[in-house]
Structures are given as C-alpha cells and as structure tokens.
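Please look through the sequence and the model below before reading on.

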Amino acid sequence: MTHDPFLQAALDEARKSASEGGIPIGSVLVDEGRIIGRGHNCRVQTGSPIDHGEMNCLRNAGRLPAKVYRNCTLYSTLSPCPMCSGAIVLYKIPRLVVGENQTFLGAEDYLRANGVDVTILEDAECIQLMRGFIEANPQLWNEDIGV
C-alpha cells in the first residue's frame, strides 16, 4: 500500500480515470502541504490528445501566479511524457515525485537538465496498475504514447 498521502491522492485520480474507461494515470499539485490541483488522464473521456494526467491536473488547478508554481511539488503516478514535462519546465515547478517509471520512461533527463528535482518511488501499486492496463489495452496505450 502507498504511504505517501499525495501519491495516494494521485493514485485515486488514476483509479478514477480507469473507472471512467480512461487511462489510469493521475496527478496532484501540492503547495505548502496541501493539494491545490488534481487530475487524471482524460484522453478517452474528452477525446483530446493533450488531456494527459499532468496537463489535466494543471488545468484543474486554474490560473496561478508564477510564484505559486515555483513553490509546488507535482506528483504523478507515471513518469511524465515530453509534453507534460514541457509544462512542468514552462511553469518552473521545482519538484516532481513519480510513482513509477518501469512501464514508461518519460522525459526525466529533460526535466533534470532544466533544474527539476525528480524523485522516482517505484511504487508497487503504480506499477501494478499500469502493467495491468497495458496488458489489457495495448492498442489504447500505444495510442496514448504516440506509437
């Protein structure tokens, strides 16, 4: 079981996406110990190719002053893709906590090269959730990652 409450919140978002027929990736944005944004991959639900978990989380957080982003930590159940990593760098979010990067290795080198502190937890629940989804839905997963 996941013990980090913010990763648990991101996992809750991932499960919400799965329950809606979507891809089980979740994310939360944390400022000063409280969640100020949450979201999940909604590509299937909205029909939008850019509605990834991290992007959905940032949209749901709403417009924020730059100084807020620069104080936040973003939690994601899965290593962020190049698009989501670009948003993290654009808004200068300094810290990223990733549930796992075994099923998909995102743009972690890009993030680190741009000053983002990236922590990989290799959380068993995150890994199991994605492995199960990818095995059951390979075509949908490949579409999500642009294969």
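In the hairpin of E1 and E2, two residues lie between the strands, and Glu 32 takes a positive phi near 50°. This is a predicted model, in which local features need pLDDT of at least 70 and side-chain atom pairs count only at pLDDT 80 or more, while totals for chains, interfaces and linings use all residues. Residues are numbered from 1 along each chain as its sequence is written, and side-chain values use heavy atoms, with hydrogens and water left out.

Helices (H or I, at least four residues) and strands (E, at least two) are DSSP runs, numbered from the N terminus. Strand E1 (residues 26–31) and strand E2 (residues 34–40) run antiparallel and are joined by six bridges; two strands pair if DSSP finds at least two bridges between them. Opposite Gly 26 stands His 40 in E2.

Next come the aromatic rings. A pair of aromatic rings is described by the distance of the centres and the angle of the planes. Rings of Phe, Tyr and Trp (its six-membered ring) pair if their centres lie within 6.5 Å; planes under 30 degrees apart count as stacked, over 60 as edge-to-face and the rest as tilted. The structure holds three such pairs. The ring centres of Phe 6 and Tyr 75 are 5.4 Å apart and the planes are at 50°, so this pair is tilted. The pair links distant parts of the chain, with Phe 6 in helix H1 (residues 5–19) and Tyr 75 in strand E3 (residues 72–76), 69 residues apart. Phe 6 has a relative accessible area of 19% and is buried; buried means under 20%, exposed over 50%, and partly exposed in between (1.4 Å probe, protein chains only). Tyr 75, at 10%, also counts as buried.

Tyr 69 and Tyr 91 form another tilted pair, 4.8 Å centre to centre with 35° between the planes. Tyr 69 is in helix H4 (residues 66–69), and Tyr 91 is in the loop between helix H5 (82–90) and E4, 22 residues apart. Tyr 69 is buried at 7% relative accessibility, whereas Tyr 91 is partly exposed at 37%.

Finally, Glu 100 lies in the loop between strand E4 (95–98) and helix H6 (108–113).
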